Amino acid sequence: MSAIAGVYNLSHQPVLMEHIDNLMYKLKVYPANDTQIFHNEHVALGCHAQWITPESVGEQLPYYDRERQLVITADAIIDNRNELFERLNIGHYQRKIIPDSQLILLAYDKWGEDSPKYLVGDFAFMLWDEKKQKLFGARDFSGSRTLYYFQNYHHFAFCTTIEPLFSLPFVEKKLNEQWLAEFLGIAGMIDTVDASITPYQTVEQLPPSHSISIVGQKVTLKRYCTLQVMPQLKLKRNEEYIEAFQEIFQQAVHSRLRTHRQVGAQLSGGLDSGSIVGFAAPLLKKENKLLHTFSYIPPSDFNDFTPKHLMPDERPFIKATVQHVGGIKDQYLNFDGRDPYTEMNDFLDIMEMPYKFFENSFWLKGMFEKAQEEDVGLLLNGGRGNLTISWGSAIDYYAALLKKLKWLRLFQELNQYSQKAGGARFRRLPTISKVAFPFIQQISSSRTAYTNPMLINPGFADEIGVFNKLKQNGMDESGWFSTTNIYEQRKRHFEDDFHWNASNTLATKLSLRYSVWKRDPTNDMRVVQFCLSLPEEQYVQNGLDRALIRRATVNILPDKVRLNQQIRGVQGADWVHRMIPVWKNFVAEIKQMLNDDTTMGYINGEVIRNALQKIQNGVGPDYILDPDSKVLMRSLIVHKFLKKFT
């Protein structure tokens, strides 16, 4: 609910008031309901507060507990308040008014550095313990809120965003080539495999699931949480799994509706966002509130070129959900005239670093703008759903059955799956066989199989040794994860701490700019742990993929959405179409970039020139998946960052 900042002098010299003032002044680019500072001799903490929850209105932050001699500044919404009330013996008269920051403080007073383990929600906080002369902080398990810091022998400074730290005279602004090498070397959407680094050498980031402790001149980071596949939950009946899931998921949704403002949701035609809306709208109705939904649709002049099983305009499914659920004020946003290229500079200002999700950048930002206009404080989202509530790939599950020689079960499933998803019963067997036995794919694939162009300059890659580092983290030289096993990939996603950074950096910084918090019930710790404990048969059964959420939303979602296994929504299919009017400008800027020696020292010039040759005379909307177009967009984003921020 806030941007936080602070300075701690490790040598116990007095903190100059101008230093904390400089940090707080830089945060004025974001809206705030209140700005306060706590300052003693060698510690200064600040909070640029946005009041989202009812308890946060008028909240004192930083908050000083004189009895316990603890001071806290926090950027947090805590979702397991009722559990903490009981554990911390908080009186009933206090429960409706106590802010989340004070719950964190009391948790620290009881459990010390183990306190983050007991917190469920989105949080980053720093706390000064006067008795122990210790500065302690933590970031939630998935890093939903950012927390950057600087340290040397004399100073420790932290902030929710990066740029304010450079207002301090002892923080130098210098490019971190290790970060840039990882960003360029990874072909997928992950920014880096080291969650502690940033684009700047002097600024580090507290990784998700980590706490930080500063005593004297010693700075210690500790991972307090590692998500792993849980011991398998064994219940007697299928219905019991559904009932248990519904209870946990409703709790996660309900705890994310706590605001004195309006509640919004990003709504597509699929299961994740649809299920959130299906659970949230009836709960809001009890408070006499409508749920404001925001749905992205292509511009009015877009001609759909995609295959029949893909749907860029999901309105038929979205409207079916809206009508079935009720209690919704729905908006359909096409953002005519906006595109990823012309939004690039502003998006770099928001992110403070290069980004890869350019196809969706303008409408993600646009939804926050529209939410702000509607006085929405919380924007529900189902971003983690594919790995939690709607996990369950039929093809991969059937490949596992094939490997285990469970022929009868496999044939029964294929028969039911073909009825629901369409196609002949055994049409998918070749694909299933290749998934089950990857060597078949290797034998049958062409020796001249296409590979994605390498964006990083090979000399720069060798100088940094980036591919050795990526290899240590399970990636090959293409920049993709070397394992094709979907179950191993899911396991890695929750065990590694770097998968979360890019999307949560976006969420934090958009929320600060527009005073709208993104809240994701599919990423609730309780939901994640429950989903990781389920037998795989709960996710694929009787011809249903994503079977858990499909069965759990009977009567909550319309069957048109709930049972749809034939059509998949695709967002961002129009990004090239949107850029056609500015394509010449885009090409001209790429040509200018090729003459910039600094940028080309990092980027593969041969790849850029080849890609430019291919697209400089124009492209069509069907170039959305063209790797050369994507390489050019990513390279220009990096180039603009280097010119703008270094």
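Here are some notes on the predicted model above, point by point.

1. Ground rules. This is a predicted model, where local features need pLDDT of at least 70, side-chain atom pairs count only at pLDDT 80 or more, and totals for chains, interfaces and linings use all residues. Residues are numbered from 1 along each chain as its sequence is written, and side-chain values use heavy atoms, with hydrogens and water left out.

2. Confidence. The mean pLDDT (the predictor's confidence in each residue, from 0 to 100) is 93 for the chain, and 98% of the residues score at least 70. The stretch to watch is residues 444-450, where pLDDT stays under 50. For that stretch the model has two contacts beyond four places in sequence; contact here means heavy atoms within 4.5 Å. Where pLDDT is low, the predicted coordinates should not be read in detail.

3. Overall build. You're looking at 26 helices and 19 strands. These are DSSP runs numbered from the N terminus: H or I with at least four residues for helices, E with at least two for strands. The radius of gyration is 25 Å, close to the 26 Å that the globule rule gives for 646 residues, so the chain is as compact as a globular protein of that length. For the record, that radius is taken over C-alpha atoms, and the rule is 2.2 Å times the number of residues to the power 0.38. Along the principal axes, the C-alpha atoms fill a box of roughly 75 × 65 × 45 Å.

4. Of the 646 residues, 61% are buried. Buried means under 20% relative accessible area, exposed means over 50%, and partly exposed is in between (1.4 Å probe, protein chains only). Among contacts with a separation of 6 or more, 73% are between residues 24 or more positions apart.

5. Charges. There are 74 positive and 73 negative charges, and their mean positions are 5 Å apart. Lys and Arg count as positive, Asp and Glu as negative, while His and the chain ends are not counted. Each charge is placed at NZ of Lys, CZ of Arg, CG of Asp or CD of Glu.

6. Leu61 and Pro62 are joined by a cis peptide bond, with omega about 0°; Pro62 is in the loop between β3 (43-49) and β4 (63-65). Arg546 is not a glycine, yet has a positive phi of about 45°. Arg546 is in the loop between α19 (525-532) and α20 (547-552), and is partly exposed at 29% relative accessibility. Asn555, also not a glycine, has a positive phi of about 70°. Asn555 is in the loop between α20 and α21 (559-562) and is exposed at 70%.

7. Arg139, in strand β7 (residues 134-139), has 0% relative accessibility and so counts as buried. Leaving out residues up to four places away in sequence, Phe245 touches Ile389, Phe530, Cys531, Leu548, Ile549 and Ala552. Of these, Ile389 is 144 residues from Phe245 in sequence but 8.8 Å away in space, C-alpha to C-alpha.
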